[in-house]
Structures are given as structure tokens and as C-alpha cells.
Amino acid sequence: MAATSTCSANPLLVVFVVGAAKMAAGSEAPDSWYLALLGFAEHFRTSSPPKIRLCVHCLQAVFQFKPPQRVEARTHLQLGSVLYHHTKNCELARTHLEKAWLISQQIPQFEDVKFEAASLLSEFYCQQNLVDSAKPLLRKAIQISQQTPYWHCRLLFQLAQLHTLEKDLVSACDLLGVGAEYARVVGSEYTRALFLLSKGMLLLMERKLSEVHPLLTLCGTIVENWQGNPIQKESLRVFFLVLQVTHYLDAGQVKSVKPCLKQLQQCIQTISTLHDDEILPTNPADLFHWLPKEHMCVLVYLVTVMHSMQAGYLEKAQKYTDKALMQLEKLKMLDSSPILSTFQVILLEHIIMCRLVTGHKATALQEISQVCQLCQQSPRLFANHAAQLHTLLGLYCISVNCMDNAEAQFTAALQMTTHQELWTFIVTNLASVYIREGNRQQELYGLLERINPDHNFPVSSHCLRAAAFYIRGLLSFFQGRYNEAKRFLRETLKMSNAEDLNRLTACSLVLLGHIFFVLGNHRESNNMVVPAMQLASKIPDMSVQLWSSALLKDLNKACGNTMDAHEAAQMHQNFSQQLLQDHIAACSLPEHNLISWTDGLPPVQFQPQNGPTTSLASLL
């Protein structure tokens, strides 16, 4: 057995324990020897450091006494659990868990051991990629657990989670619906709400919005009417509000989401002031919780960062990211829950985009490398975030003017995702690469046809549709079709102003200002560029500030405003220097080699760069 901790204790101690237990077996009540061995096993397991080998020896000694079936089954479960959680001896763990499941089915009124064995064994099967063994096991356990509300609900959640991990959301939703109805029948409105909210989360993932709205309405009613443990009630409200907020954000409705987001932030503040109630619910079906409140706090920070990123409040996004990452580091020292790494990756994905906008490419690249390292530690995390990783690298490549690499990264990302919003985001950015390259007309028009904002737009996202109008305006500008460009950009402005999409507003204003300048309408150009600069400074967006300052310099020069032209020229010079220094720093990092990675796992090590291999000329 390969234990995770070394055992320095005297192995003769185990012989003494067994001998003592044998003497107890001969002279005391039949279960005394079992309790003695169990006590020693638990002592060794909870020692600091744990003495797992000795714990296992104590439990194995139980079988020497030919114990009754109940003791035999429970001991197999205990051994299987210890071996599974604390050693690398997978085969022995599996043998004990399978025996516990087999024997416990023959014993009446033995639900806890029977269903815990089924739950743990199916978890083990999944970890070993034996999903086809886990599913029938869970189905059988669900079938025979209907008179045991806690275990029936728990096993339904477990099988639904398994289907979700396999991307079979239809089957998962069906099971959650069964669970909700069962919880209603056994009088657990709390767990009914958990099942329905979980189903709502999956329906949002499937984009079945016509089914989401009535379900969330029902959930809202159940949550508000349920009277029970305050922490449980508030956690249901957090779950409900998180779904509402993410629904709005997926739809790109940054302004509309503000009331829900404010409620969510108030709700998490309420939870943080409540003390955990030690009184257990009277209904065994209520013995569940969604997330620990510390995890919920990180999640609320995360959705706040997502909102700030979309709205263009990048300093606010930075502030909340720092708070969330600090809390995550503390939690990860005590908790190995995979969801914490998922939260960390999503936070980093958003802050990386912020860095690229604010002109901190070198930091962004190091954080991309950090995401790579996290994904290397978890195949499932990598499978779920590989497309996002390549998308971020594509955005980085654009920022350092490596257009061929940007195209390769976006192409790789498109092959890895079935998520429609992400697919549309990638295509929009790939179209901008083709526009800047200027010689990819056929590919460009093929892409634009698939993200035509005037008809059959592939997603319901307000933000992405507004961005598609901007891309059309950008192409028309490069082709000299200025009236057409103005129409598209005004549509972008109308949509971005409606939902406070500040970055799109700033980009549209500066491009309109450029068009009016080219057309000789200096007053109208100034009316666009000045607010663009103000908004870009507020975000802050370095590229738009660079562009705006260049236009202001030329505008004031054309209008004979020498002092203002000189001031704008100085601003442009400052922005140019900042971007150039950051550009050199980023391209000099060994992580810059990631731009060539388009297949398989990300490289573990990087070769140092001799210096920047790209030009900043197109940005200046």
C-alpha cells in the first residue's frame, strides 16, 4: 500500500492492539473488541501527522474475528474510504467499497452504510474514468432509496452532477426535475428550491430561455415563502440572485442587471453577519447546503468582476479581483474543493482582459501563464477552459501586433468550443484581425455573414450584437464607405448607451470622430473625440486614449489651436511611451512563446526571449 504519509510508529504497536482486542473478545461483550479496534483506527487516522498504515491495520484486524454482517459491511466501507481518500491503493479501495455495497444490500434497515457505499463507490468509479460503472450503480441506489429522503435526494444530485460533467444536460435536468417533485412530496420546500435552482442553472447553460423564465419565477416565490434556518434561506436567495445576474450578463444587459446585483451584494453581507445554526433540520431531506458561505462570498466577488468588466469599470474590476483572489488563497490552504480553482481561473480570465485594455500586457501574459499552470493540474479544468485560454492568447497577440499568431489562436479556440456566446466573441475578434490584415476579404465576409447584427444574429447578447455593429463600422471605415460606417457606429452607440457599455461607447465615439475628421467636419469630430477621451480616461483604455490624443493633436493643429495641439501631442507621446515600454517588456518574457502554442496541453517551461519580435508601429 502506498500511503500518502510515512509511518514512523513502531509496527509492534499494531500487534499489541490486535492482542488486546483478542483478549477483549474472549472476556467482554461481543462488540467490545470492535469498538477497541475502531477507536485505535480513528486515533491513528486523526493523529498529526496521520498514521494511515496503522489505521488500516487496525481495521483489517476486524476481519480476523469473523464479525457479523453489519460490522463486516461497515468495516469494508471504512477501509474503502480511508484507502480512497488517503492512499494511492486504488484497487484495494475499490475491492472494499464493492464488498461494502454488496453485503449491505443483504441487510435490512442498514441505509446509511448501504447508500454511503454506493455514493463513495460511484465517486471512485468517476475518478477512475469508469463512468459506465458509476451510472447503473447510482440508478440502482436511487431506485431502492425512495424511503430514505436524505439519501434519495443526495444520490439524485450526484447522478445529475455526473450527467452534467458528461455534458448530458438533458438527462441532468430530467433528474433534477424528479428530485424537485420528490422533495415537494416529502415536504421539503428548501430542497425542492435547490433542485429547481440547479435545473435553472443548467437550462441557462443550454440557453433554453423560454423554460428559464417561468422556472426562476417559481423559484423566487418558493424562496421568499420558505421559513426556516436564516442561513439556508439567504443561501437560497444568493443562488437565485446569482442565476438572475449571470442571465443578465450573458445577455449583455449591464445596466439592467444593476438592481439584482445590488440585492446580491446586500444578501452576501447579511449572510456574513449570521452565525451557523447548529440545530439540525427536522426533515432529513433538508440536510443539504448549496455552497459554504465563504465560497458564496468569492462567487459574489466574481459576478461583480464580470459586471465591472462588461461595463468598462476596470479599476473596480481590479479591486474586486484582488479581494477575491486574496480570499481564494486563504481558502485553498484549508480546502481542496475543485470549485475554488474554477473560481480562480474565471477571475484570472476576466482580469487578463482588463490588463490588455489598460496597457499592462506583460502582467496579462504572466497571468495567462498562471491559468496554464492551474489547467495543467486538472484535466477537467483544462477541458473546460482551453478555448478561453486560446482566446486570451489571441487577444494578447492582437495587443502586440502578432496577427498571424492571433489568427492561429482564435482558430484553435473556435475548434474547442460549442458555447455560442464565446464562439461569437471569438469570431468578432477574428474579424477584427482580418480587417487589420487587409488582404483576407473572402474569409472576412464569410465570418461577417455569420455574425450579421441586422438579421439572424447567433446569440441574444445585447453586448455582442452591439460589438458586431462596431466591427461592421470598422470595416466600412477602412473601405472608405463613411456614410455606411456612420450608420453602423450610431447603432453601436445607441445599443451601448442603453446598457452602459462604456468601452464600446468610447471606441465608437473615437472612430466616428476619425470619420468626421477625414470628411473635414472638424467641429463634429471634436464633439466625438473629446467625450471619447474622457470616457477612455475613466475606464482607463490605453489604446483609445492613444487614438483620441492623436486625433485631438491633428484636430487642434488643423483649427490653429497651437497650445491645445501641443498638449495633445504631449499626451500622445506619453501614451506611446507607456505602451512601447509595456510592449517590449511583454515580448521579452519567456511566456511570450505561448503565442505559438495551439495544440495539446500548454508547455510547462518557456525559453527566454532575446527581445521583442514585433512592431508597435500599427498602434502609434
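Q: At 23% relative accessibility, does Tyr-482 count as buried, partly exposed or exposed?
A: First, a heads-up: this is a predicted model, where local features need pLDDT of at least 70, side-chain atom pairs count only at pLDDT 80 or more, and totals for chains, interfaces and linings use all residues. Residues are numbered from 1 along each chain as its sequence is written, and side-chain values use heavy atoms, leaving out hydrogens and water. Buried means under 20% relative accessible area, exposed means over 50%, and partly exposed is in between (1.4 Å probe, protein chains only). With its 23%, Tyr-482 therefore counts as partly exposed.

Q: What kind of ring pair do Phe-477 and Tyr-482 make?
A: Phe-477 is buried, at 13% relative accessible area. Rings of Phe, Tyr and Trp (its six-membered ring) pair if their centres lie within 6.5 Å; planes under 30 degrees apart are stacked, over 60 edge-to-face, and the rest tilted. Here the centres are 6.2 Å apart and the planes sit at 50°, so the pair is tilted.

Q: How many aromatic pairs does the structure hold?
A: One cluster of linked ring pairs brings together Phe-115, Tyr-150, Trp-151, Phe-157, Phe-195 and Phe-288. Across the structure, the number of aromatic pairs is 14.

Q: What kind of pair do the rings of Tyr-150 and Trp-151 form?
A: Both residues, Tyr-150 and Trp-151, are buried. Their ring centres lie 5.2 Å apart with planes at 75°, so this pair is edge-to-face.

Q: How far is Gln-377 from Ser-341, going by C-alpha atoms?
A: Gln-377 is exposed, with a relative accessible area of 63%. Along the chain, Gln-377 and Ser-341 are 36 residues apart, but their C-alpha atoms are separated by 9.8 Å.
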